[in-house]
Amino acid sequence: MSKPQHAHGDVRSKSFVDYLNDENVRAVLYQVIAIGLIILAGWYLVSNTLNNLEKQNISTGYGFLDLEASFEIGESMIDYSAKSDYATALLVGLLNTVKVSVLGIILCTLIGTIFGVARLSSNWIVRKLATAYVETFRNIPVLLQLFFWYALIPSAFPHPRDALEPLPGVLLTSRGMYLPVPVADNAYTLMGIAAIIALVVILFVKSWAKKRQDATGQPFPMFLAGLGIFVGFVFLAYLIGGAPTEMSIPALKGFNIRGGYNISPEFLAVLIGLTVYTSTYVAEVVRSGIQAVPNGQWEAADSLGVRRSVALRKVILPQSMRVAIPPLTNQYLNLTKNSSLAVAVGYPDLVSVSNTTMNQTGQAIEAISIFMSIYLGLSLLTSLFMNWFNKKMALVER
Amino acid sequence: MSENAKLPPLPVGTFVERAVTWSRKNLFDGWFNTLLTIGSIAFLLWLIPPLIQWGIVNATLAPTIEGCAEVTGACWGFVNANLRLILFGTYPYEEQWRPLLAMIVLMGIICASLGGVKYPSVRKWIIPMWVVGVPIIAILMWGGVLGLTYVQNSYWGGLPLTLILSAIGIIFAFPFGLLLALGRQSNMPAIRTASVVYIEIIRGVPLITVLFMASVMFPLFLPDGVSIDKLLRAQIGIILFTAAYLAEVFRGGLQAVPRGQFEAGDSLALSYWQSMRLIILPQALRLVIPPTVNSFISMLKDTTLVVIIGLFDFLGTVKLALRSDPAWTKYYVEGYAFAAAIFFLICFSMAKYSAYLEKELRKGEQR
């Protein structure tokens, strides 16, 4: 303890030991040592790596992205052929990851909410069934589930020759599902633009309605108005675009099915597996969210004469959302990260395409760094958005 | 919730009368619930009898392909015929008692550790058990001493491998995760930043990318002439990954310890490490036991991913058995169902125990 000495005006100048005993000096020292160790370890690994790469005649750098990929990808949302470069191939993979994740997130939220509510049902048998669903599927590894669905789909459905047709135009075969889709037309692009404009208009109307309600207390039927604006805009764009009606309907031609939109067995397996697995976690989040709102809140709304539907929307849900949003974000992130398991069943997601790239070019470090930073970026974006949303929803304490 | 306020009427009447009252209240309360009940019963009738028909009545245990071809139900014979392969992978056939024993030892230590949380008399043995147990398991698996023949770890597989990867993963991740959590809470900006960066990077990427990194990039990191095999690389990847998640679990525990406890340590003039060891950690670690068990469960499920980098864990050996003979390939439902049942048993029972522990720990607080 050197401080009291100085306080009493000790003339002795600080010795080296005094410095070592000073808490602040120590903190700096520890940090310098820690950073030094990290840098040393990093330098050691990098120098080893460079050494090894040189020995294996692998050049570093991202130049390979411009080379011809020369491998096919089963499904792609953009134009891609074996002649495209690696950068395009990786973009195809990323888009496939995004596609399966977005669909999975929507579906697992729907299914999870249903089962979460069902676990709180007053009906005994419904409650038990929902519990059985949740407990079963969350305790089986998701990869096992993916393998199962991937093995099941090709063997459970018939050869394209005798495809099942559960709905007119929809075909189920061992090569996946075929859906009828409208033939591409400029009108659909126009409709997309109209939808975005409609959303912006709705935002403006909403802020106006809120201002008016705050000032005068007059409510505004926002949901109906929003729906009207959205449908109106999109339909108008459809008419302006010339109202195309041509459809591409899947049908057997030769040995395979042509036309329509093909949903591959790989995609279906990944989607079903991820959705079922994550929905069990979402169900738990929903359940705890609802349970977190005290019954007194319902009663308070009742005693104020608020209608039950309004109470649910304005009193209960905002509070359960507050509890549910952070864990829900985690589950969405988990689903997105788990979509990387697609590599195991051959769905060409980001990791799968990167893996092929890695094997063909030997650029392991570059490929891994690319997909790691993309996942990291996706995670950070989602957390940033959710943090913002959470702050908006959070309890404002006075 | 509001039902708690008014006591339920005591059950009266004969068994039948009570059953009727109960089902009125729980099954046929209003038209919507009646509809749900009928729908659920219809679903169960659609699901359960065919499942029993397939799985039990029409099934066979005969361990031959011919025996399976004769029945219309499940071919448990596939599991029966390949049981050793599924459980132990390619471990030498005559030596398979060793992984079996290792697995039993490991399960025993895991169960004792979990039980030790509840029973203080067992608690002080937890660390010695691991210190003794892990070398025993290593000797059993590798051999090479005490007259046991040496078995390369490329032959390891099946359920023992799954359990070893996840248990060793969590044990070694424990101290690392604790340091990371303390680093994240530290006042020193450099150490805090380093911990946060590590934790957030690892938590932001999928496990499979860490495993790829471990299997592809580790060999490049090492100096010339040094090499570590695939299993060890996967194990290191799992440890690095788990540590980041455990760090967040520990942070939760550390944050739950009231500030006054830290100040109490300071006012007793304890050093940082003394006050951590004597005051803070005993309280924080008690709180994080249930979430740590949950991390172990996720770890156990996630170790199946090592299949993708070419190791044969329990899921991998099931796939191996399915591919061992083209005639077996079509019995994948049976194979996966068997693996799923084992995973379910382990994960479900641990999850229930962790939920029970959580309740027990909360009991103490409520006093």
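This is a predicted model: local features need pLDDT of at least 70, side-chain atom pairs count only at pLDDT 80 or more; totals for chains, interfaces and linings use all residues.
User: Which residue in the hairpin of S1(A) and S2(A) takes a positive phi?

Analyst: That is Gly169(A), with a phi near 90°; this hairpin has two residues between the strands.

User: Thanks! Now, how do I read a pair of packed helices?

Analyst: Two packed helices are described by the angle between their axes and the distance between the axes. Take helix H10 (residues 295-303) and helix H11 (residues 308-338) of chain A: their axes come within 10 Å and cross at roughly 155°. Angles over 145 degrees count as roughly antiparallel, so H10(A) is roughly antiparallel to H11(A). Gln297(A), Trp298(A) and Ala301(A) of H10(A) make the contact with Ala311(A), Val315(A), Ile316(A) and Gln319(A) of H11(A). The crossing of H10(A) and H11(A) is right-handed.

User: Over in chain B, is Gly158(B) buried or exposed?

Analyst: A residue is buried if 20 or more other C-beta atoms lie within 10 Å of its own. Gly158(B) counts as buried because it has 28 C-beta neighbours inside 10 Å. Gly158(B) is in helix H9 (residues 158-185) of chain B.

User: And which residues does Gly158(B) touch?

Analyst: Leaving out residues up to four places away in sequence, Gly158(B) touches Ile86(B), Leu87(B), Phe88(B), Gly89(B), Phe314(B) and Thr317(B).

Conventions: Residues are numbered from 1 along each chain as its sequence is written. Chains are lettered from A and ligands numbered from 1 in the order in which they are written. Helices (H or I, at least four residues) and strands (E, at least two) are DSSP runs, numbered from the N terminus. A residue is buried if 20 or more other C-beta atoms lie within 10 Å of its own, exposed if 12 or fewer, and partly exposed in between; C-beta atoms are placed from the backbone. Two residues are in contact if their C-beta atoms, placed from the backbone, lie within 7 Å. Two strands pair if DSSP finds at least two bridges between them. Axes are lines fitted to C-alpha atoms, for helices over the stretch in contact, and angles run from 0 to 180 degrees between N-to-C directions. Angles under 35 degrees count as roughly parallel, over 145 as roughly antiparallel, 65 to 115 as roughly perpendicular and the rest as oblique. A crossing is left-handed if the near helix is turned anticlockwise from the far one by less than a right angle, and right-handed if clockwise.
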